[in-house]
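Hi everyone, thanks for coming.

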Amino acid sequence: MKSIVEVEGISKAFRQGKEWVRVLESVSLQVGVGEIVSLMGKSGSGKTTFLDILGGIQLPDSGWVSISDRKMTALNESERTRFRRRHIGMVFQFFNLIPTLTGRENIAFALELNGRSDKQRVASLMEKLDIIHRADAFPETLSGGEQQRFAIARAIVHDPKVILADEPTGNLDDEHSQGVLEVFRDLCRNEGVALVLGTHSQDCAAISDRVLHLRYGKLR
Ligand SMILES: Nc1ncnc2c1ncn2[C@@H]1O[C@H](COP(=O)(O)OP(=O)(O)OP(=O)(O)O)[C@@H](O)[C@H]1O
Ligand SMILES: [Mg+2]
């Protein structure tokens with residue numbers, strides 16, 4: 001199976017007061033086309049840090065990341081941003097919707113950044129994720145679960161081949177959680193999308209081809 005996500009020997013430490021905390025220690029990972037991988041691990045184990053490094057939001061102290069044969073870690077910040085907008089879909093743990101845009105506009109904007117406009121596609125994603133009735137609401141008036149579903153729609157609207165989703169069902173009830181996982185699974189099975197999930201949820205683990213655990217900086 002061809003790998004679309006390749007991570008080799010990533011390490012990352014943070015300074016906390018006088019101490020350095022080593023969050024990731026020489027972590028490697030390969031994810032194939034169409035593959036779903038869950039990263040589990042207790043709070044503070046480094047799931048968000050790892051996904052941020054995969055998406056080029058943060059840089060590792062050492063090691064490299066390649067997505068679709070592009071060495072992300074060799075790019076500067078604006079090159080990484082451009083690459084991410086086009087080729088990666090990121091669902092952030094705390095959503096990061098743009099507060100001055102409505103839900104619908106948040107989704108459409110991710111397409112516009114790729115020079116595209118497709119009202120029907122935006123509407124059909126909102127329909128699928130059961131947020132169409134809130135399309136014109138601003139993020140601060142949306143519930144956590146609604147914001148999360150807008151954030152998911154925004155992450156997939158531009159047809160990325162790699163999706164990095166940080167606890168994407170963390171704010172959802174069972175029914176919406178299953179709905180989201182079905183959308184993800186379709187994308188992976190039918191369109192060859194590679195999906196890396198940071199999660200505490202057994203439901204996410206259940207749709208995964210592999211479940212890995214982050215513990216003491218190691219991924220196993
Ligand atoms: N910028 C930073 N400066 C200092 N410490 C940081 C920074 N970012 C993350 N950390 C620390 O790194 C560790 C890993 O954090 P991270 O957010 O990756 O964990 P997580 O597995 O996503 O946790 P959760 O399940 O609670 O979301 C934590 O101890 C956190 O406090
Ligand atoms: Mg996290």
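**Starting from one alanine**

Let's begin with Ala-110: setting aside its neighbours within four places in sequence, Ala-110 is in contact with Arg-154, Val-157 and His-158. By contact I mean that the C-beta atoms of two residues, placed from the backbone, lie within 7 Å.

A quick word on what you are looking at. This is a predicted model, where local features need pLDDT of at least 70 and side-chain atom pairs count only at pLDDT 80 or more, while totals for chains, interfaces and linings use all residues. Residues are numbered from 1 along each chain as its sequence is written, and chains are lettered from A and ligands numbered from 1 in the order in which they are written.

Back to our alanine. Ala-110 lies in helix H3, residues 103-112. When I say helix or strand, I mean DSSP runs numbered from the N terminus: H or I of at least four residues for helices, E of at least two for strands. Is Ala-110 buried or exposed? Ala-110 counts as buried because it has 21 C-beta neighbours inside 10 Å. The rule is that 20 or more other C-beta atoms within 10 Å of a residue's own make it buried, 12 or fewer make it exposed, and anything in between is partly exposed, with C-beta atoms placed from the backbone.

**The core and the overall build**

Ala-153 takes us to the largest nonpolar core, which has 56 residues. Such a core is a set of buried Ala, Val, Leu, Ile, Met, Phe, Trp, Tyr and Cys residues joined through C-beta atoms within 7 Å. Ala-153 is among those with the most contacts inside this core, along with Val-5, Leu-54, Leu-164, Leu-195 and Val-196. Helix H5, residues 144-156, provides the largest share of the core, six residues. Take Leu-195 as an example: apart from its neighbours within four places in sequence, Leu-195 is in contact with Ile-36, Ile-163, Ala-165, Phe-184 and Cys-188.

Now zoom out. The protein has seven helices and 10 strands, and 40% of its 220 residues count as buried. Among contacts between residues at least 6 apart in sequence, 70% join residues at least 24 apart. The radius of gyration is 17 Å, which agrees with a compact globule because one of 220 residues would be near 17 Å. That radius is taken over C-alpha atoms, and the globule rule is 2.2 Å times the number of residues to the power 0.38.

Four strands make an open sheet in the order E2-E1-E4-E5, with antiparallel pairing. E2 and E5 are at the edges with a single partner strand each, so one side of each has no neighbour in the sheet. Pairing here requires that DSSP finds at least two bridges between two strands. E1 and E4 (residues 62-67) are joined by five bridges, with Glu-6 opposite Ser-66 in E4. Ser-66 also stands opposite Lys-71 in E5. In the hairpin of E4 and E5, two residues lie between the strands, and Ser-68 takes a positive phi near 50 degrees.

The other open sheet has six strands, in the order E6-E7-E8-E3-E9-E10, and its pairing is mixed. Strand E6 (88-91) and strand E10 (218-219) are its edges, each pairing on one side only. E9 (residues 210-215) and E10 are antiparallel over two bridges, and Arg-215 has Lys-218 in E10 as its bridge partner.

In the loop between E9 and E10 you'll find Tyr-216. Tyr-216 has a positive phi of about 50 degrees although it is not a glycine. Most residues other than glycine have a negative phi. Tyr-216 is exposed, because 11 other C-beta atoms lie within 10 Å.

**Around the ligand**

Last stop: which residues come nearest to ligand 1? Of the 13 around it, these are Phe-14, Ser-43, Lys-47, Thr-48 and Thr-49. A residue is near if its C-beta atom, placed from the backbone, lies within 6 Å. Helix H1 gives the most to this shell, three residues. By class, the shell has three nonpolar, nine polar and one charged residues; Ala, Val, Leu, Ile, Met, Phe, Trp, Tyr, Cys and Pro count as nonpolar, Asp, Glu, Lys and Arg as charged, and the others, Gly among them, as polar.
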